[in-house]
Amino acid sequence: FSPVGLRLALIYDDGNVLYTNTDYSISGFDTNTTGTKVVSVSYENYECTFTINVIEAEVTGITIEQLPQKLTYLRFEELDTTGLTLRVHWSNGSETTITDGYSVSGHDCATPGTQMITVEYESGHSASFEIVVQEPVLSEIYVVFYPKTEYFVGEPLSTDGLEVTLLYNDGGMSSITSGFDVTGFDSSVPG
């Protein structure tokens with residue numbers, strides 16, 4: 001409670017009125033709980049009261065104070081908000097810092113590229129930051145199915161039914177049956 005602007009009207013027996021904004025004391029002001037409060041103002045041997053209403057402060061906005069430690073992800077990795085710190089702005093002019101109690105959206109772990117992550121806190125207040133889900137890098141291939149393993153001298157290689165599995169650095173894998181090159185085949189001599 002700020003008494004700035006509070007003026008007392010001192011009314012004397014002769015009808016004169018004198019206004020003052022000094023030399024008084026205030027009691028009964030309590031902001032620890034919400035509700036109607038009676039405030040007493042004392043001046044010399046006189047006292048008067050008035051009521052105030054103490055209300056809960058509301059969130060007026062949030063900002064990102066500290067980004068999460070991890071901003072780059074492999075495909076299929078779950079979002080990790082460790083280190084994310086938000087500054088909450090309140091209607092009473094105060095600010096607080098929080099590290100939990102918010103929700104996040106916008107993370108698609110299966111789609112490589114830059115993604116906008118939205119952090120939401122109480123009553124729809126939000127802030128955003130970017131992460132990058134990296135394109136997977138081919139790390140290994142292996143043949144899953146060999147359809148034909150014996151050839152006559154001079155017979156051309158047949159890749160019909162050949163299946164190759166591709167392994168990626170993010171743990172992903174896929175199988176292909178075409179679109180690959182085969183090297184090292186030579187049927188000109190037996191062996």
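This is a predicted model: local features need pLDDT of at least 70, side-chain atom pairs count only at pLDDT 80 or more; totals for chains, interfaces and linings use all residues.
Trainee: Why are strand E4 and strand E5 called a pair?
Mentor: Pairing needs at least two bridges. Nine bridges join E4 (residues 35–43) to E5 (residues 46–54), so the two count as paired. They run antiparallel, and Ser 40 stands opposite Thr 49 in E5.

Trainee: What lies between the strands in the hairpin of E4 and E5?
Mentor: Two residues lie between them, and Glu 44 takes a positive phi near 50°.

Trainee: Why is one side of strand E7 and of strand E10 left without a neighbour in the sheet?
Mentor: Four strands form an open sheet in the order E7-E12-E11-E10, with mixed pairing. E7 (72–73) and E10 (103–105) stand at its edges with a single partner strand each, so one side of each has no neighbour in the sheet.

Trainee: How do you know that E11 and E12 pair?
Mentor: The requirement is at least two bridges. Nine join E11 to E12, so they pair, and they run antiparallel. Ile 117 stands opposite Phe 129 in E12.

Trainee: What makes Ile 62 and Leu 86 stand out in the largest nonpolar core?
Mentor: Of its 16 residues, Ile 62, Leu 86, Val 88, Tyr 102 and Tyr 121 touch the most other members. Strands E6, E8, E11 and E12 each give two or more residues to this core. E12 gives the most, with four residues.

Conventions
Residues are numbered from 1 along each chain as its sequence is written. Side-chain values use heavy atoms; hydrogens and water are left out. A nonpolar core is a set of buried Ala, Val, Leu, Ile, Met, Phe, Trp, Tyr and Cys residues joined through side-chain atoms within 4.5 Å. Buried means under 20% relative accessible area, exposed over 50%, partly exposed in between (1.4 Å probe, protein chains only).
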